[in-house]
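Student: I'm new to this structure and would like a close look at a single part of it. Could you walk me through that part and then show me what else is around in the chain?

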Amino acid sequence: MTQSFQKVRALTGMKDILPDTSSQWETLEATVRAWLAAYGYRNMRTPVLEQTRLFTRGIGEVTDIVEKEMYSFTDALNNEHLTMRPEFTAGMVRASIEHNMLYDRPHRVYAMGPVFRHEKPQRGRYRQFHQIDVEALGFAGPDIDAELIIMLGRLWKILGLSDIRLELNSLGQAHERAAHRSALIEYLEQHQEVLDEEARRRMHTNPLRVLDTKNPAMQDMANNAPRLFDFLGAESLAHFQEVCDRLSDAGIEYRLNPRLVRGLDYYNLTVFEWVTDRLGAQGTVCGGGRYDGLIELLGGKPAPAVGFAIGVERLLDLCAHSGEVTSPPECQVYVIHQGAAAQRLAARLAEQMRDEGLRVIVHAGSTGFKSQFKRADASGASLAVILGEDEVASASASIKWLREPAIEGQPQQETVPLDRLMKELKLKV
Ligand code: ATP
Ligand code: MG
């Protein structure tokens with residue numbers, strides 16, 4: 001007796017992307033690649049799995065990601081501590097150091113793919129999700145900071161998104177953050193009674209993150225806390241001003257948000273987020289900033305850098321409202337046939353159509369005309385090519401419009417000799 005097999009399901013928070021949705025992903029990815037190419041960005045692919053210490057070092061011990069969201073395990077074969085990448089930047093920087101990429105010139109690079117975080121799944125928050133990650137390695141800015149943001153403005157326009165706004169802040173330099181940090185810790189110590197457990201735990205290790213709280217009871221306290229922005233010196237302010245001026249030149253509106261600190265440890269100077277009200281609680285579509293210290297922190301020769309990551313699921317969710325990212329039909333032409341000779345002719349003709357660049361499905365198997373027409377309709381093709389016994393006998397094919405005729409008054413169906421078929425199809429599709 002065979003034992004019944006208990007069905008295996010996908011893991012919580014990890015989604016299958018089925019063909020109807022996947023075609024929207026492909027359309028978006030193609031748009032994104034063309035958009036990035038227009039600014040000289042080149043693709044880079046790093047492994048999904050990295051040594052755990054890359055992330056504990058690169059992202060910071062006292063961050064949400066490292067404290068509670070990483071998928072980490074010990075490789076039983078050699079006892080190495082490994083982690084599924086929770087973001088791209090650390091891996092991209094590791095690779096740039098490992099391959100001496102920054103030896104003679106800076107690089108504009110990007111990556112797309114899945115990242116993994118053990119979070120509570122909900123709309124816009126998954127355990128495997130996807131990012132479009134863009135990094136300008138070796139650039140000191142502020143011109144490049146502004147260019148990255150302006151670039152994003154262009155992407156939203158290409159995608160037909162208007163309900164998305166920019167929040168901007170500067171985190172200054174290390175010494176400015178140190179001065180602010182002392183003032184902030186002192187302030188937090190004075191307000192111990194409103195701090196939740198997490199905040200109390202973090203107030204001495206990562207006090208800036210305490211202000212990033214979503215706890216409503218702590219909002220007043222956070223709003224009145226000493227602002228890092230007020231501790232910035234002339235140089236940091238000048239960098240920030242230059243970014244703002246360039247954004248104004250480009251007609252990009254922004255809001256200064258002094259509480260924007262970003263979840264990761266490595267940022268300095270410019271930080272930004274693009275947010276929308278259309279996605280409920282998970283409204284941040286893109287976050288980024290400058291991270292001048294990270295390359296050195298990870299063992300490279302000191303070099304400045306700036307980048308951002310877009311959450312693809314959230315972006316696609318937003319695009320669903322704009323209607324710009326649609327899925328193309330399965331094919332342009334669906335070939336229907338009846339009888340053994342017609343079926344073989346269909347296969348040969350379809351190859352010729354593909355030579356001409358058409359996307360073609362030949363009905364597989366041999367069923368009646370009626371069910372073939374149903375399939376043709378469901379495929380989304382604009383034309384069906386019909387090969388029956390009559391057509392084979394007279395060396396011709398019938399072309400039938402499955403959608404509205406492109407030109408009014410055109411017949412719904414017509415029969416053409418085979419030697420004219422390709423020309424007719426190219427005119428009609
Ligand atoms: P959040 O505050 O929403 O947790 P984050 O600061 O952790 O975001 P980043 O590390 O900046 O996010 O990641 C860049 C982008 O990736 C986010 O702006 C968001 O669009 C997306 N993102 C982050 N976490 C998730 C997730 N669990 N599921 C889906 N998308 C996510
Ligand atoms: Mg997060």
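Student: Leaving aside its neighbours within four places in sequence, which residues is Gln-282 in contact with?

Tutor: Before we start, keep in mind that this is a predicted model. Apart from its neighbours within four places in sequence, Gln-282 is in contact with Gln-122, Arg-123, Gly-124, Arg-125 and Arg-314. One of these gets a polar contact too: the side chain of Gln-282 meets the side chain of Gln-122 at 3.3 Å. As for where to look, you'll find Gln-282 in the loop between strand E9 (268–275) and strand E10 (284–290). Its relative accessible area is 9%, so Gln-282 counts as buried, the cut-off being under 20%.

Next, a sheet of 3 strands. This one is open and antiparallel, with the order E2-E4-E3. Strand E2 (49–51) and strand E3 (72–74) are at the edges with a single partner strand each, so each has one side without a neighbour in the sheet. From one strand to the next, the twist averages 35°. If you follow E3 and strand E4 (residues 81–84), you'll see them pair in the antiparallel sense over 3 bridges, with Ser-72 opposite Thr-83 in E4. Helix H2 (residues 52–59) lies across E2, E3 and E4, and runs at about 75° to E2.

There's also an open sheet of 5 strands, in the order E13-E12-E14-E15-E16, and here the pairing is mixed. Its edges are strand E13 (360–362) and strand E16 (413–417); each has a single partner strand, so one side of each is left without a neighbour in the sheet. On average, neighbouring strands of this sheet are turned by 25° against each other, direction ignored. Within it, strand E14 (residues 383–387) and strand E15 (residues 396–401) pair in the antiparallel sense over 4 bridges, and Val-385 stands opposite Ile-399 in E15.

Two helices go with these strands. Helix H13 (residues 340–355) lies across strand E12 (333–337), E13 and E14, at about 170° to E13. Helix H16 (residues 418–428) lies across E14, E15 and E16, at about 135° to E16.

Terms used: Residues numbered from 1 in each chain as written. Chains lettered and ligands numbered in written order. Predicted model: local features only at pLDDT ≥ 70, side-chain atom pairs only at ≥ 80, totals over all residues. Heavy atoms only, no water. Buried < 20%, exposed > 50% of the residue type's maximum accessible area, 1.4 Å probe, protein only. Polar contact = N/O pair within 3.5 Å; in protein donor to acceptor, adjacent residues only side chain to side chain. Contact = heavy atoms within 4.5 Å. Pairing = 2+ DSSP bridges. Axes fitted to C-alpha atoms, helices over the stretch in contact; angles between N-to-C directions.
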